Amino acid sequence: MMAAEAGAPVRCRFAPAPSGSLHVGNVRSALFSWLWARRNGGAFVLRVEDTDASRVTQEAFQGVLADLRWLGLDWDEGPEAGGPHGPYRQSERLDIYAAKAAELIGSGQAYRCYCTAEELEERNSAQMARGEAPGYDGRCRTLTDAERSAFESADRTHVIRFHMPEHEWVLQDLVKGEVRWAPDQLKDFVLVRSDGSPVFLLAVAVDDMLMEITHVVRGDDLLTAAPRNIAVIEALGGTAPTYAHVPQVLGPDRKPLSKRHGSTSVEAFREQGYLPEALINYLALLGWSADGETTFFSRDELIEKFDLARVSSNPAAFDTDKLTFMNNHYIQQLDPDDLAARCVHFLTASGLSVDPTLLTRAMPMVRERMKTLTEAPELLRFLFTDDIAPNDKAAGLIAKAPEGYLRRVADALVPVEPWSAESIQGALDALAEEEGLNRTKAFQPVRAAVTGSNVSPPLPESLELLGKERTLVRLRAA
RNA sequence: GGUCCCAUCGUCUAGAGGCCUAGGACAUCACCCUCUCAAGGUGGAGGCACGGGUUCGAAUCCCGUUGGGACUACCA
């Protein structure tokens with residue numbers, strides 16, 4: 001149960017089940033693992049736990065890879081990257097697990113167990129009744145050859161069960177600290193099912209050992225699996241990695257985050273207009289902090305500052321408001337070309353035909369107004385369609401405007417040259433003064449007539465981008 | 001039931017015995033700025049779960065209680 005020898009290159013891994021898009025809780029584990037690898041100049045290994053092949057589709061598998069790529073969590077070894085410890089999909093490693101299971105039987109550290117489900121259940125409840133910790137009692141551990149063949153000829157199926165060494169287990173966890181289990185707490189467990197398929201406990205141990213993983217960063221729901229992982233690795237003559245069990249990510253109700261809480265997948269956040277930069281920064285701060293003061297970290301700063309030893313051991317609730325705040329911050333950081341490129345998808349998805357040049361020019365006036373990219377369409381709609389039927393509030397504003405005001409605005413704008421935000425504002429202000437209107441009263445009807453909404457980006461800038469022709473047409477139509 | 005993990009503002013956290021009349025951020029409230037909406041600025045309210053110890057001194061150490069969570073599978 002010793003950590004990998006000091007000085008050895010750090011190798012971290014992320015081992016998701018390919019169940020479609022990644023859950024943000026898993027992403028945080030992946031991020032911490034990735035950061036630790038990068039921080040130490042080590043390798044990040046991606047391994048896919050797809051032994052439950054029946055439910056794994058190629059699409060789900062690709063979804064996981066796509067999520068990691070979108071987030072910028074690149075892997076040095078794994079599917080599509082290759083590496084010296086492949087294959088990296090567990091479904092392609094079945095013969096390896098079988099060989100290791102046979103090896104354990106050969107060395108007497110695992111055995112065939114013929115107990116039926118009914119028998120196990122019966123003995124379990126008896127243990128419970130006696131106030132003992134339930135778990136396998138070791139009955140088949142000492143079967144004689146004769147007893148074994150009797151079971152075989154009676155057509156009994158068997159599993160391969162690991163003989164858990166009966167001593168105290170001490171785990172030095174990077175996040176949880178020292179955790180101990182008494183000798184009678186950890187019972188013999190199944191390595192291979194009766195149909196010959198490996199169980200998670202076998203596959204993980206074998207893979208972590210063979211892939212020479214030095215640090216396992218994963219959710220603390222697996223904390224009690226650690227001594228069993230370690231036991232199997234040691235039984236196979238390997239050196240167990242160091243573990244870091246990070247607490248679960250909770251929902252607003254403080255229950256472990258799940259689909260129940262709405263969209264929690266990377267794909268969902270992407271579709272809701274969140275930036276990978278924001279998601280990464282937010283997730284990094286969920287359970288970790290550099291100093292308690294700093295909020296924004298670039299990727300390089302995270303790599304430089306991240307420390308598993310500073311990861312909090314208490315569970316954290318996911319707060320969409322804070323993520324959204326960070327998203328707005330990162331949107332403001334993007335240059336117009338980049339932001340525009342990221343907005344295109346959302347604009348076209350809502351049926352707008354986008355002029356790329358115009359879109360880029362519009363970015364400076366909307367970027368501090370967008371909390372998510374999904375807000376781009378409503379903010380910029382007026383630029384990319386001429387169907388600008390006023391909403392209720394806009395209609396109200398137009399109705400309340402002084403008689404003929406919009407026509408006079410149009411007339412006042414006709415001579416404006418050059419057609420720039422500055423000169424447009426000058427013309428609008430001059431007219432407002434003549435009419436005895438303050439800016440609110442003067443601008444709102446124009447905004448309503450030109451954009452169809454009571455809310456829009458700054459008016460003079462909007463009119464500049466829209467162009468004189470379209471502006472005048474809309475004013476006269478209203 | 002048993003074992004293990006966890007417990008600072010609503011939320012994320014700083015805090016590793018005196019620097020804490022507990023700091024920062026999100027959210028919230030007020031004000032400022034202002035052509036709408038944002039963004040930005042200033043300020044306010046808001047917390048050490050409870051009870052015992054240890055100590056000159058505890059958010060920090062120990063024990064207990066309470067409350068969450070995980071595990072206890074031929075799930076992972």
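Predicted model: local features only at pLDDT ≥ 70, side-chain atom pairs only at ≥ 80, totals over all residues.

Colleague: Great. How many residues surround RNA strand B, and which are the closest?

Modeller: RNA strand B is surrounded by 58 residues, and the closest are Arg193, Lys255, Arg369, Arg439 and Ser456.

Colleague: What lies 3.1 Å from a base nitrogen of the RNA strand?

Modeller: That is a polar side-chain atom of Lys322. Pro458 approaches a base too: one of its backbone N or O atoms is 3.3 Å from a base oxygen of RNA strand B. Elements giving two or more residues to the surface near the RNA include α11 (320–333), α18 (439–451) and α19 (459–466).

Colleague: And how do the residues of that surface divide into nonpolar, polar and charged?

Modeller: There are 23 nonpolar, 16 polar and 19 charged residues.

Colleague: Switching topic: which residues have the most contacts inside the largest nonpolar core?

Modeller: Phe318, Leu380 and Leu413 do, in a core of 100 residues. Helix α1 (residues 24–39) gives the most to this core, contributing nine residues. Another core lies apart from it, with 38 residues, including Ala101 and Met209.

Colleague: What is Leu413 in contact with, beyond its neighbours within four places in sequence?

Modeller: Its partners include Trp419, Ile424, Leu428, Leu463 and Leu475, and also Lys468 and Thr471.

Key
Residues numbered from 1 in each chain as written. Chains lettered and ligands numbered in written order. Heavy atoms only, no water. Core = buried A, V, L, I, M, F, W, Y, C linked by side-chain atoms within 4.5 Å. Buried < 20%, exposed > 50% of the residue type's maximum accessible area, 1.4 Å probe, protein only. Helix = DSSP H or I, 4+ residues; strand = E, 2+ residues; numbered from the N terminus. Contact = heavy atoms within 4.5 Å. Near = heavy atom within 4 Å. Polar contact = N/O pair within 3.5 Å; in protein donor to acceptor, adjacent residues only side chain to side chain. Nonpolar A, V, L, I, M, F, W, Y, C, P; charged D, E, K, R; others polar.
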